[in-house]
Amino acid sequence: MAGGKQRIYKQRVASTTSLQKVFRAQELIAASRIGTARTQMYATEPFSKAIKAAVAAVAMHGHVKHPLTTPRTDTNRVAVLVAAADRGMAGSYSANIIRDANTLVEQLTEEGHDVQLYVAGRRAVTYYQYRGRALAGQWIYGSDSPTLDVANEIADTLLAAFEAPADQGGVAEIHVVWTEFVNMVSQTPRVRRILPLEIVDAVSATESVDPLYDFEPSAEEVLDALLPRYIRSRLYYFLREAAASELASRQRSMRTATDNAEDLIRKYTRLANQARQGDITQELTEIVSGADALASGH
């Protein structure tokens, strides 16, 4: 029996060592990518702020109303975009996003809205498909390294839904659930309504807005050009921020998993040694008992 225990513990040491190598490799991969992800995230901020300032200036001083800034009252449908991860091994990263998204869906439903789900990331897509939830749109897009083309595709799909007539499935609001990158040890799920656009938010994000503007060919046409670009830039920033958050969460989770694997290896090694010592003690006892029996018989 003791010999069997020794084999079991040695097998556990071998399997845990293999897993530890996987965890360590994932940690190193995430660590090598996080710097690029953060650089790309911060690189999108200046353009996004400039677009904010331009949109605020046109909307406030052009004295015009635009479909993207005007609340819709002809439909109770709202769209919710959930940006999760394609892969696991990132701790509770995707679970936290899905939890907050479900809370938002419940809140909107209680308010009488018909929620249309748009999901980015394999983990969230699989979660909702398994539960039989219909998805208005889904993307598996390489969540730890999103491209501008994918961000534009998602943004254009949401814009089309917002601009569509009510009898063709148009939505009155668009909300985004993603993870804000605070720092390497803190990433926080966030919920934000991006349409209809609140110009007050855009103004507060700028230090000052010059009140003297002359719009050509017209304020309406300038807004037509600026607002879609604003939505695309904001969504691209959210996806980049989510990518940095995912990688930071994966690096931290894999480091913890590596440390836990090391603890298990030490534990199983100690138990295997104890089992081996038990085997040796039992063999010695049997030899001595056999010798005593022979001596007594002689």
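Here are some quick notes on the fold of this predicted model.

1. Starting with the overall make-up: the protein has seven helices and five strands. Going along the sequence, they come in the pattern α-α-β-α-β-α-β-α-β-β-α-α.

2. On burial and surface, 45% of the 298 residues count as buried. The accessible surface is about 15900 Å², and carbon and sulfur atoms hold 52% of that.

3. Taking the contacts with a separation of 6 or more, 79% come from residues 24 or more positions apart.

4. Now the sheet. It's an open one, built from five strands in the order E3-E2-E1-E4-E5, with mixed pairing. At the edges sit strand E3 (137–139) and strand E5 (186–195), each of them pairing on one side only. From one strand to the next, the twist averages 20°.

5. For a closer look at one pair, take strand E1 (residues 77–83) and strand E2 (residues 114–120): they run parallel and are joined by seven bridges.

6. Which strands does helix H3 lie across? Helix H3 (residues 93–110) lies across E1, E2, E5 and strand E4 (173–183), and runs at about 150° to E4. Helix H4 (residues 122–130) packs on the sheet too, where it touches E1, E2 and E3. The direction of H4 makes about 135° with that of E2.

Terms used
Residues are numbered from 1 along each chain as its sequence is written. This is a predicted model: local features need pLDDT of at least 70, side-chain atom pairs count only at pLDDT 80 or more; totals for chains, interfaces and linings use all residues. Side-chain values use heavy atoms; hydrogens and water are left out. Helices (H or I, at least four residues) and strands (E, at least two) are DSSP runs, numbered from the N terminus. Buried means under 20% relative accessible area, exposed over 50%, partly exposed in between (1.4 Å probe, protein chains only). Contact means heavy atoms within 4.5 Å. Accessible areas come from the Shrake-Rupley method with a 1.4 Å probe; for residues, only the protein chains shown count as cover. Two strands pair if DSSP finds at least two bridges between them. Axes are lines fitted to C-alpha atoms, for helices over the stretch in contact, and angles run from 0 to 180 degrees between N-to-C directions.
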